[in-house]
Amino acid sequence: IDMSIFAKGLVAAMEDETQAAELAIDESGADSAEADIVEATDISADVEAGTAEVEQASADAETLTRIADTAEAAEEEGGLDPVAAEIAEIAVESIYARLGVQRQSYPALESFSGKTGRKRATQIAVEDLKETVKKIWAAVVVAFQKMVDFVKNFFAKIFDANRKLLSRINSLEKQTRNLKLQPGGKVKASGVISQTDAKTKEEALKAIEATPGEIEAMIAASADVAEGMKEFPKIKELLAGDGDLKALSIKKLQDAHSKFTMIARDSEGAIGKKFELATADKDLNPDLKVPEFKFEFKNPFSSEGKELDALKTDEIQKVLKVAESIVKANIASKTLVSALETGMKVTIEAAKKVSETVDDKDGNAKNVTEGSRVAQRLITSTGNSAIKVVTFTAKTGMDVAKAAIDYVERSVKASGGEDVKEEKKEEAKK
């Protein structure tokens with residue numbers, strides 16, 4: 001999978017069947033935990049790129065909608081004047097180029113210079129903009145479908161990697177249980193440092209030990225998001241009425257938002273250290289009180305030239321137990337993945353239906369259109385966030401477990417436990 005296919009724009013990529021074919025799931029196995037981890041990391045980067053494209057496309061659709069609204073209002077007053085038309089043209093051209101949208105009927109700037117043709121040119125521009133917004137939304141729907149495939153592929157690698165890590169942990173627990181280690185010196189625990197930003201062994205142990213609970217909390221909050229998505233099919237019915245979405249139950253989404261906020265604010269493990277939930281400028285809709293999920297994920301911390309004290313025998317056993325808890329929590333997230341897949345299918349169907357209401361022409365068209373826009377923002381924000389959070393949580397958990405194992409192995413070696421290395425060789429021969 002190569003998300004560089006989006007270089008020509010989300011709309012162009014999703015309309016290109018050849019490109020869509022490149023997004024097929026790779027179900028081939030890997031020979032080691034490390035190979036699975038590398039593949040999972042590559043796929044998580046693809047997911048991150050895909051969600052970023054969806055967010056940008058959604059923002060672009062909002063901008064084009066505002067421009068269309070302004071132009072439509074000007075149409076009633078005789079149309080856009082040349083200056084306003086040129087300003088709009090600059091913004092529209094930039095967005096079209098970014099998304100890979102081919103213009104169909106957007107009028108030339110000269111069309112706005114005369115009073116006679118100005119109104120008609122404005123009308124044509126509005127129609128073109130609205131048609132483009134529909135294309136963007138259609139591309140977002142297709143992108144969501146593809147990202148569900150990414151996530152399924154990602155978790156296939158995650159589960160394989162965690163099963164192999166669990167086997168390694170169990171082996172290490174047996175090998176190190178009765179080891180008589182000499183006081184070790186410093187070890188290069190780059191994995192632990194990059195995941196926890198620990199300056200000392202004590203800080204590393206505290207962060208590692210806090211991580212399993214954070215993973216469980218993130219899974220619980222993500223389950224609330226998946227549950228909240230089940231409300232989305234009601235959106236079409238509400239829009240078909242008066243366009244008012246206040247009857248939509250979004251309590252589960254509000255609960256999830258509160259849980260994520262608490263984890264980011266209060267947690268001391270690797271999960272809490274690497275993400276923030278930014279406060280949105282405003283709710284998606286003041287009456288609906290829908291919280292917008294705005295996650296910010298941090299890059300790994302710098303570990304260059306940094307070392308930690310080697311672990312002692314009792315600390316080794318403790319770290320391995322925690323790593324085992326992390327791995328088991330990741331493996332147990334299969335239930336969440338299934339719930340998320342169901343939620344995303346519901347979300348995608350709701351997205352398709354919402355897009356059909358934008359052009360409703362009745363006495364309540366204004367309310368219906370505004371409701372559709374709110375619904376679109378709700379769907380893209382929720383769907384995108386759910387995908388990002390579950391992949392971030394699973395990958396971070398896997399990385400911490402792997403880093404903890406590496407820290408143990410390096411500590412054993414630094415403390416004279418060469419017999420662990422020899423036993424690993426014997427296992428390899430078998």
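Asp197 sits in the loop between α6 (190-196) and α7; helices here are DSSP runs of H or I with at least four residues, strands are runs of E with at least two, and both are numbered from the N terminus. The phi angle of Asp197 is near 60°, a positive value in a residue other than glycine. With a relative accessibility of 26%, Asp197 counts as partly exposed, a class that lies between buried (under 20% relative accessible area) and exposed (over 50%), using a 1.4 Å probe and protein chains only.

Before going further, a word on how to read the values. This is a predicted model, in which local features need pLDDT of at least 70 and side-chain atom pairs count only at pLDDT 80 or more, while totals for chains, interfaces and linings use all residues. Residues are numbered from 1 along each chain as its sequence is written, and side-chain values use heavy atoms, with hydrogens and water left out.

Now for the overall picture. The protein has 14 helices and four strands. Of its 430 residues, 50% are buried. Among contacts (heavy atoms within 4.5 Å) with a separation of 6 or more, 82% come from residues 24 or more positions apart.

Helix α7 (residues 201-228) packs with helix α11 (residues 313-332) at an angle of about 20°, their axes being 10 Å apart. The axes are lines fitted to C-alpha atoms, for helices over the stretch in contact, and the angles run from 0 to 180 degrees between N-to-C directions. That angle makes α7 roughly parallel to α11; angles under 35 degrees count as roughly parallel, over 145 as roughly antiparallel, 65 to 115 as roughly perpendicular and the rest as oblique. The crossing of α7 and α11 is left-handed, a term used if the near helix is turned anticlockwise from the far one by less than a right angle, with right-handed used if clockwise. On the α7 side, the residues that meet α11 include Leu205, Ile208, Ile215 and Ile219, and on the α11 side they include Val319, Val322, Ile326 and Ala329. By class, this contact has nine nonpolar, three polar and four charged residues; Ala, Val, Leu, Ile, Met, Phe, Trp, Tyr, Cys and Pro count as nonpolar, Asp, Glu, Lys and Arg as charged, and the others, Gly among them, as polar.

The axes of helix α3 (residues 33-75) and helix α5 (residues 115-176) come within 7 Å and cross at roughly 165°. That makes α3 roughly antiparallel to α5. Their crossing, too, is left-handed. The residues of the α3 contact with α5 comprise 25 nonpolar, nine polar and 12 charged.

Past the end of α3, you reach Gly78, in the loop between α3 and α4 (82-99). Gly78 is partly exposed, at 28% relative accessibility. Leaving aside neighbours within four places in sequence, Gly78 is in contact with Arg118 and Lys119.

The structure holds 28 salt bridges, each being a side-chain nitrogen of Lys or Arg within 4 Å of a carboxyl oxygen of Asp or Glu. In one of them, Glu55 pairs with Lys388, and the closest N and O atoms are 2.5 Å apart. Glu55 in helix α3 and Lys388 in helix α13 (residues 365-414) are 333 residues apart, so this pair links distant parts of the chain. Glu55 is partly exposed at 38% relative accessible area, whereas Lys388 is buried at 13%.

Another salt bridge joins the side chains of Lys321 and Glu173 (3.8 Å, N to O). Lys321 lies in helix α11 and Glu173 in helix α5, so the pair ties together parts 148 residues apart in sequence. Lys321 is partly exposed at 49%, while Glu173 is buried at 6%.

Asp224 is buried at 8% relative accessibility, and Lys259 is partly exposed at 34%. Finally, Glu34, Arg168, Lys402 and Asp406 are linked in a network of salt bridges.
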